[in-house]
Amino acid sequence: MKKKDFLPLHGTDYIEYYVSNSLQAARFYQSSFGFQPLAYSGLSTGNDKSQSYVVQQDKIRLVFTSPLHSGSEIGKHIDKHGDGVKVIALLVEDSKKALNETVSRGAECIRDYTSVEDEYGILEISGIKSYGETVHYFINRSGYNGVFLPGYQKWESTYTPEEVGLKFVDHMVGNVGWNEMNIWAKFYSKVMGFSQLVSFDDKDISTDYTALMSKVMSNDNGRIKFPINEPAEGKKSSQIEEYLNFYEGPGVQHIAMATENIIETVTQLKNRGVEFLHVPNEYYDTVMERVGEIDEDLEPLKELKILIDRDDEGYLLQIFTKPVGPRPTVFYEIIQRKGAKSFGKGNFKALFEAIELEQAKRGTL
Ligand code: FE2
């Protein structure tokens, strides 16, 4: 008999970044990615420590937080890591139970269980530490009708560029240090009850220069998928090493956002200035032999440099942005699944060669 899931997760509630300018970051995600203004916290809401702007597109909610004074924990985080993901908040039914279940299995509590009440109801929150300085919050908002979290007000913005069709977070990838992949895969299985979907080793994922190993961890209902990467020995510095050097430790590498029409979504994103990794034209010479028949015409996919891969259950279309900040750290993946449940292993080689081209330009290969 299947064991009962001790940590039922209903999805990603929000992702919070610590950034040096929360308003400008939120504006970037509005203009470039089509996110809509949702909520605000700062001086005018009685928060004299930090300022946050929250944006939303369908089920994806992003929070951008900046400190208002020097010497803060948020400021130190930004100084060390650059702009980066601090909180991956997960939706639960019972924040207290989620904390107790994970702490009793070895998690470190970083936010004691609290139930916060305001005029819109009660919101429960608790949190544990994950890789690097990244944390998971367990949020129960079933008794809450406010715009975001207690303390936030609706962000009234007249600037609402059209959405681009991003629907939900498909997966979020963490980069961890040398020999740490198994430690964190074990953390997610033991502490959070996840199971391992797939693993790749350096024979699967390597080019002449770069190599990495990866294990994909998923929760029971498959709504939360966390691939964990660690660098592997290559002839030159791998993209994972480059990330670790610039982020100065483990952290979130990329967030994959799902769309139901990748051609439309990527066309919009490109029109708004989002930059994607270059894929060599040669990739399209052989891709159809590898993936077989697909619903889409090859021409627009080739034009937009969208990658294609197939597994036993179907195929997927995916594309990767360049890093979105000054440091070569966080970037995004846009993904459309047509049955496939995998992560584009067949594209890794083509993709890494593209990333190496960028690394060579940066002089960090
Ligand atoms: Fe991915």
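This passage walks through the overall build of the protein and then turns to its iron site. The structure is a predicted model.

The protein contains 9 helices along with 17 strands. Its radius of gyration is 20 Å, close to the 21 Å given by the globule rule for 365 residues, so the protein is as compact as a globular protein of that length. Taken along the principal axes, the box filled by the C-alpha atoms is roughly 60 × 50 × 40 Å. Of the 365 residues, 55% are buried. Among contacts with a separation of 6 or more, 68% are between residues 24 or more positions apart.

The ion is coordinated by NE2 of His171, NE2 of His254 and OE of Glu333, at 2.0 to 2.2 Å. Along the chain, these donors follow the spacing H-x82-H-x78-E. Distant parts of the chain are linked by the pair His254 and Glu333, which are 79 residues apart. His254 belongs to strand β14 (residues 251-259), while Glu333 belongs to strand β17 (residues 331-338). Both His254 and Glu333 are buried.

Note on methods: Residues are numbered from 1 along each chain as its sequence is written. This is a predicted model: local features need pLDDT of at least 70, side-chain atom pairs count only at pLDDT 80 or more; totals for chains, interfaces and linings use all residues. Side-chain values use heavy atoms; hydrogens and water are left out. Helices (H or I, at least four residues) and strands (E, at least two) are DSSP runs, numbered from the N terminus. The radius of gyration is taken over C-alpha atoms; the globule rule is 2.2 Å times the number of residues to the power 0.38. Buried means under 20% relative accessible area, exposed over 50%, partly exposed in between (1.4 Å probe, protein chains only). Contact means heavy atoms within 4.5 Å. Donors are N, O and S atoms within 2.8 Å of the metal (3.2 Å for Na, K and Ca); water is not among the atoms, so sites may look incomplete.
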